[in-house]
Amino acid sequence: MMFSLRKLLMMLILLSVCAVGAYAQDNFVTGKVTSAEDNSPIPGASIVVLGTSRGANSDASGNFRIQANPGQKLRVSFIGTKTTEVTVTKASEVTIQLSSEAGTLNEVVVTALGIKQEKRALGYAIQEVKGNDLADTQRDNFLNALNGRVAGAMITPSSGAPGASTSIMLRGISSIGGNNQPLFVVDGLPIDNRTFGQGALVSDSPNRNNDYQNRGADLNPNDIESVSILKGPEASALYGIDAASGAIVITTKKGAAGRGKITYDNAFRYDKLYRFPEYQKEFGPGDNGSFTTPTRLYFGPRYAPDVPLYDNVANFFQTGFTQRHNLGVEGGSDRTTYRLSVGYTNQGGVVPTTKFERLSVRLGGTTKISSKFEATSSFNFIQTNNAKTGRGNSSTLLSLIYWPQFDDARNYLGNDGTRRRLNPNSDAQDIDNPFFDVYKNKNTDKTNRMIGNVALSYDPATWLNIKGQVGADVYSTQGNLLFHPQSNRAISTRGSIENFTEVSQLLNGQFLMNARKKFNKFSTGLLLGTSFDDRRYNVDAVRGEQFYEVDYNGINNTPPTTQRAKNTLNLIRRQAVFGQFTASYNDMFYLTATGRNDWSSTMPIESRSFFYPSVSGSFVLTELPGLQSNKVLSFAKLRASYAEVGKDAPSPYITQSNLAPQVTTGGGLAYGVFGGNGILVPERTQSYEIGLDARLFNGRLTVDAAYFNRTAKNQITAPRLSYGTGFILQYINSGTIESRGVELLITGNPVRRANFNWDITTNFTRNNSTVLSLPADQPEFYLSDTWLYQNVRNSLFVGSEATTIGGYDYLRNTRGDILINPTTGYPVKNLVFTNIGDRNPLFTVGLTNSFRYKNWGLSALLDFRRGGDVFNGNELFFYVNGLSSRTLDRETPRVVTGVLRDGLENTANPTVNTIQVTPITRNDFYNLNFVESDFIEKDINWMRLRDVTLRYTLPASMLGAKKLVRGASLFFTGTDLFLMTNYTGADPSINGLNASVGGSGAQGFDFGALSIPRGYTFGVQVQF
């Protein structure tokens, strides 16, 4: 298949090159766009040939090139300036100056359903990020490139491994246990951003020890023109159910009319892991101060000075290498444009054998069938291949540190080629050598994906547009999870293998009628539409044990009697009708009202249909007579909005109790763990927002401020039932969360000169989500997958934040003194989960600076966080096993501060503890009598240099007289170059689980995951 695909690509490229040549004889005009005030260049200005579809944008130096004949007119526009028209003469070069225009804000952004609107008309917050800014970070997952750039967004990668998943939440938590991630939309239609959950496997394991990439990361960042972030239901109400938590609206690059062009860029990156958990290197294996074997504890004697110690951590991790290549061919005429792109990424991780590989081929085009009829289409084929390693309890990082330092872990095989074991006589006390783990255990998945989109647009009148659009997003993933028979993970089963095939099919479409009419000073618009969404999700998994041949990877290598199969099939269908009415008066007052009605197959018949409205408005203050042509306040508007969004059940088949196959003796069918509920009603999210947009000094300084409040009611969750019902869980309507916050986006242009320009962007976010009620009046609601290690988990308590950490704390008397066991001298645990931490930061700030000096460009993004707690699970693991630096004082006697639990603890004179403990002779001081709350690190701050890019654009004089090369640049990019933090662990910005887990997830749970490596990238970009 790949051979045929390569031949097809070569044919397409050759045809495109021929098309490029076909336009080589056209007349071209080159020019420069500058400011009339100070003659400085204006990058990003829009140049359009009137009467045609040809357009171009000025580059960083204000230069542009466009096909135009003498007599034709060029329309040149830029935000905050007066639009200018210039007639083309016989001269091939032209200089165009744009004057500032106070009191206007003609910026156009992409909103819901792909509709372009003037930003001044919007009554809600929307933030747009340019695709080139994302591509310049050289990150493989474009979501990670958004980190620090978007106010109100919490973006958390699961680890620093290749192909790791990334979760994103906008404006806090809206669902107690369901999906809080926004809807992903590409060119007007939704796509799938699912992350595979291990509940679909035969092993039905939690999502702690394995990771699967979120499907939104399949997109090639070089194909993205812009990303619009619709942060709340007010902005995304027209999208309905899946957009209750906002929407990520992606517009892809399109071909431009005129002379065709070929672009090629490459990038070569080196990644280095530089942050590791701290651990002690003084005491060796043993128990109660003595060397014992076998043992997995490090409470033995000190290492002798003459004992050679190996740095197994340094010997294991390697320098990761990534190469990336992108080729684009585009061009077209007044009637037809096209763009073909091919992107290839091959990333090797810092862990041996890990890799991520992606091939993306995208072909898109537009055709004007007539003056009123236009067709657009795109097709994207993506293939990814991911080889991973374990995480959590299966983490190679923890295994490396746990491996005895007096033993060279690189010697992982014996003379006979089998696994070299530390304790051959004790499986329980043995551990997997991390080298054996990565070379003998297999963890891979391979995905083939196709995304297609076709749209037809018809203008029967100047005031009416009719558009129909259909799309398909289909992918298939094949996964393989193998544990070698000699691995400690499968030594009891003599090997295990689990294969799965995941097939997802998303078919959707929409039909829109959009009418716009102007009556004197009034402008009105009416949008009517309908949409459908049909999803089929199927997973076939099979598992086998007891390998015949130890090194053969295949299900037929296991006896049929050990093989078990599992099928997961979800069919979901949704339909909707919606409408939007807009009105404005004199470009001063704007009003928008929407309504949408959904039908969902996941709900009971009686409640499948549900309606929800939204309304928003804006008032442009600078259109008032006293503020027009103001030299300081160029533009200002107030905005406000209110919206409701309905949400259906998180999965189908929960309204009725269903049968499940039994694996006990006799087999057959019986009711599963979930009891049905035929009276479910949709969740309902109510939200309002108020905000201010202002531009000062002719747009040199802009401010966008917003306050939002969102309440999610009737949440559909599955609390535990009384076992007397015959079931364990049941989905019910219960639970309410309120989220509120402040967002601030400030952009400035402090310096703008002919040879030097400085732009600065700052975003500030402060939000929180409070639990107002819990399902069935439970005292605590928790996500079981987040129970990673010991008694710490993601717990929700009424009146507390939705990002709290639940765990064991000290038992205290009424005065707050720690209670001490009078027999042991150890503190007494409170064996009830309580609120021991909150992961939500007090605020976050993203600061981007961009500088241009002649042909040099420099940009840097700093990310700041203030506050928020982190569970240092690695430190707790080391503490329990004697590897923590906190255990270095084990030889020092101590008395734990507290009062004895002797019956006098709540009297006026409790008994003060005086029992002395010497931990070196009593291991249980560390591994039995710890308290989890001691490992919640409070008020964690950080400053992280996320991205820095230095670019040099070659001047035209260096490109040759024949202009075969139309542009070229060299660049260097550094990612995650440094992290300054008060966190004692490796990296506080990781996720203990993969992105498939709902609710507030496991952000802030640091256990067994790799920190984010430091990356250095260099490459070239060339345009022919």
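The model is predicted, so local features need pLDDT of at least 70 and side-chain atom pairs count only at pLDDT 80 or more, while totals for chains, interfaces and linings use all residues. Residues are numbered from 1 along each chain as its sequence is written, and side-chain values use heavy atoms, with hydrogens and water left out.

Gln546 lies in the loop between strand 25 (522-545) and strand 26 (564-585). Strands here are DSSP runs of E with at least two residues, numbered from the N terminus. The phi of Gln546 is near 65°, a positive value in a residue other than glycine. Gln546 is partly exposed, with a relative accessible area of 29%; partly exposed means between buried (under 20% relative accessible area) and exposed (over 50%), with a 1.4 Å probe and protein chains only.

Gln790 sits in the loop between strand 40 (781-782) and strand 41 (792-796). Its phi is near 55°, again positive in a residue other than glycine. Gln790 counts as partly exposed, at 27% relative accessibility.

Further along the chain are the paired strands. Two strands pair if DSSP finds at least two bridges between them. Strand 45 (residues 843-853) and strand 46 (residues 856-866) run antiparallel and are joined by eleven bridges. Arg852 stands opposite Gly857 in strand 46. The two strands form a hairpin with two residues between them, and Lys854 in the turn has a positive phi of about 50°.

Strand 46 also pairs with strand 52 (residues 942-953), in the antiparallel sense and over ten bridges. Ala860 has Val948 in strand 52 as its bridge partner.

Key. Helices (H or I, at least four residues) and strands (E, at least two) are DSSP runs, numbered from the N terminus.
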